[in-house]
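Below are some notes for a colleague who has not looked at this structure before. They are meant to be read with the model open.

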Amino acid sequence: MMERKQHRIFAVIVTWNAMRHSWIDRCLRSLRSSTVAVTPIVIDNGSTDGTRQHVPAEYPEAVWLPQDTNLGFGRANNVGFRYALEHEADHVLLLNQDAMIMPDTLSLLLKQSDGESLLSPIHLNGNGTAFDINFERNTLMPANRLPRTIDGCRATPGRVETGEVCAACWLMPISMLKEIGGFNPLFFQYSEDNNYYDRMLFHKKKTFIIPAAEMWHDRKTYGSEDVYDHRLLRRTMLLAACDINASFLTVAKEIAWQLKVCYVMKLPRREYVVGTFSAELAWLLSRAGRIMKSRRKEKTIGMHWIPTNQARET
């Protein structure tokens, strides 16, 4: 039975060829089963696999915002953020197309919301049998205050303050979007959530894991390391350059370290193609003006990067 509606929540979901492995069906059906009412906003980045026909036909409750070109993950989410802001959202649930939530996930998250902090459930793999590998490595182990078993998390009430957590499932209060804004468009795919976390740190925003709440993320089974590794060096240097918590000396040290990684560590193992560092550094320097502008902007309060003109809704 649906709980009495107390919050206006929009789930922002970016799709690109989301018919694979029934991803979008698993995702949207999980929202239908939520004990807390939530309206999906689906922003499609030019799918060619039938997603553009399937979603509006099978999920009429979803706000359907197809894009003419692939905007990238961050910019597409910004389109959804704008819609949520214009329609008086209280919270935005950022959810990947290959992720699904449990019926009580939103209820458990909302009970712990202070209206200022970012909340996330525990992240499990695609069938809920183990922790998502990146969640375990990057959030669970560094926090050192979360149970190391799924059953232990499920039995843990309350919330646990943590560090960075993957944006596959974020519950964001609308105040966060109004103060920090959306994703930096310099990041096309991957690392935009890392940059956002850096901005949260600068503006003293906290992140909490709700151990009793969970989501399932299917990336380990069907994800591609090659896709993630593509332009990894570029993203690493860009992330350092855009970090508003870092001095320019710190940025320079990070870039020098990446040079060492390429030639001293990876080249002997034949994991580095000679000339890649120079090419990526040239790309970074060609965007120095935009990077400087983004650093100045992101140190201020405002709905940065969220478009002022809403994409056409059909």
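Leaving aside its neighbours within four places in sequence, with which residues is Thr 51 in contact?

1. Before the reply, a caution: this is a predicted model. Beyond its neighbours within four places in sequence, Thr 51 is in contact with Thr 15, Asn 17, Ala 18, Met 19, Asp 44, Pro 56 and Trp 64. Thr 51 belongs to helix α2, which covers residues 51-58.

2. Is Thr 51 buried or exposed? Its relative accessible area is 0%, and the cut-off for buried is under 20%, so Thr 51 is buried. The side chain of Thr 51 also has a polar partner: the side chain of Asp 49, at 2.7 Å.

3. Helix α13 spans residues 276-286, and its buried residues are Phe 277, Glu 280, Trp 283 and Leu 284. Viewed down the axis of α13, these buried residues fall within an arc of 125°, and they therefore line one face of the helix. The face turned away from that buried side carries Leu 285 and Ser 286, both exposed.

4. What do the buried residues of α13 pack against? Their partners are three helices: α11 (232-242), α12 (248-266) and α14 (288-298).

5. The count of aromatic pairs in the model is eight. In one of them, Trp 170 and Tyr 196, the ring centres lie 5.8 Å apart and the planes meet at 45°. Planes under 30 degrees apart would count as stacked and over 60 as edge-to-face, so this pair is tilted.

6. The pair of Trp 170 and Tyr 196 links distant parts of the chain, 26 residues apart. Trp 170 sits in strand β8 (residues 169-173), while Tyr 196 sits in helix α8 (residues 192-202). Trp 170 is buried, with a relative accessible area of 2%. Tyr 196 is buried as well, at 0% relative accessibility.

7. Which residues form one aromatic cluster with Trp 170 and Tyr 196? The cluster also takes in Phe 73, Phe 81 and Phe 183.

8. Two charged side chains deserve a look alongside the aromatic rings. Arg 159 lies over the face of Phe 208, at 3.7 Å from the ring centre. Lys 297 is placed over the face of Trp 305, with 4.2 Å to the ring centre.

Definitions and conventions
Residues numbered from 1 in each chain as written. Predicted model: local features only at pLDDT ≥ 70, side-chain atom pairs only at ≥ 80, totals over all residues. Heavy atoms only, no water. Buried < 20%, exposed > 50% of the residue type's maximum accessible area, 1.4 Å probe, protein only. Helix = DSSP H or I, 4+ residues; strand = E, 2+ residues; numbered from the N terminus. Arc of directions from axis to C-beta. Contact = heavy atoms within 4.5 Å. Polar contact = N/O pair within 3.5 Å; in protein donor to acceptor, adjacent residues only side chain to side chain. Phe/Tyr/Trp six-rings, centres within 6.5 Å; stacked < 30°, edge-to-face > 60°. Lys NZ or Arg CZ within 6 Å of the ring centre and 35° of its normal.
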